[in-house]
Amino acid sequence: MQFARTLQRFISLQNRFQTQLGHIVAWGSITLVLLMALIVILRYGFNIGSVAMQEAAMYNHAILFMLGIAYTYQQDQHVRVDVFYTHASPSRKAWINLIGTLLFAIPSMLYILVTGWDYVSASWAIKESSSEPGGLAYLYILKSLILVMAVLVLIQSLAVAARSWLEIKHPEALPAEEKPEVEGTL
């Protein structure tokens, strides 16, 4: 039971961390909207274009995506092929989440970390910047978020796997807010 309490603490800390990070990152969407509005106003209102502003919008979008993906996973709002899941019992959902996490999420993030390391390292080695005239520098920092994203999703995957395992083996150990609703009968 001590192991279950340790898992419970890990899940709680990870969920709290992802929620706080997700809320911080969500504020970045305001900057994206304002930047896109400025680009449109300048382009169509004043016939002024800027490669740097276009790239800033692209960088902003990439940052939102890469830092927000683990939060989306934590909130169970990720894309799921929903053939069996919707009408499954809480126990079956836990099994689907556990197997899916172990077979797909964790290996995918490990692959991104392994293959992304050389990609990001090469970018840092040359201090890569935009290839466009007037584009932004520091592309290597943006590319580093690929590794950060993989680590965030990997840690969240461990929390999802731990929660699923607890739900299967020790459902009584789940905190009240973590206990599943009783649905379907599969």
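I started with the aromatic cluster: Trp-124, Tyr-138 and Tyr-140 form one. I took rings of Phe, Tyr and Trp (its six-membered ring) as paired if their centres lie within 6.5 Å, with planes under 30 degrees apart stacked, over 60 edge-to-face and the rest tilted. This is a predicted model: local features need pLDDT of at least 70, side-chain atom pairs pLDDT 80 or more, while totals for chains, interfaces and linings use all residues. Residues count from 1 along each chain as its sequence is written, and side-chain values use heavy atoms, without hydrogens and water.

I searched the whole structure and got 3 aromatic pairs. Phe-3 and Trp-165 have ring centres 5.7 Å apart and planes at 75 degrees, so I logged them as edge-to-face. Phe-3 sits in helix H1 (residues 2-26) and Trp-165 in helix H5, 162 residues apart. Helices here are DSSP runs (H or I, at least four residues), numbered from the N terminus.

I then checked exposure (buried under 20% relative accessible area, exposed over 50%, partly exposed in between; 1.4 Å probe, protein chains only). Phe-3 is exposed at 53%. Trp-165 is partly exposed at 29%.

Next I looked up salt bridges (a side-chain nitrogen of Lys or Arg within 4 Å of a carboxyl oxygen of Asp or Glu). The whole structure has 2. Glu-128 meets Lys-143 at 2.7 Å, N to O. Glu-128 is in the loop between helix H4 (90-125) and helix H5 (139-169), and Lys-143 is in helix H5. I noted Lys-143 as buried, at 13%. Glu-167 pairs with Arg-163 at 2.5 Å between the closest N and O atoms. Both lie in helix H5, 4 residues apart, about one turn.

Terms used:
Helices (H or I, at least four residues) and strands (E, at least two) are DSSP runs, numbered from the N terminus.
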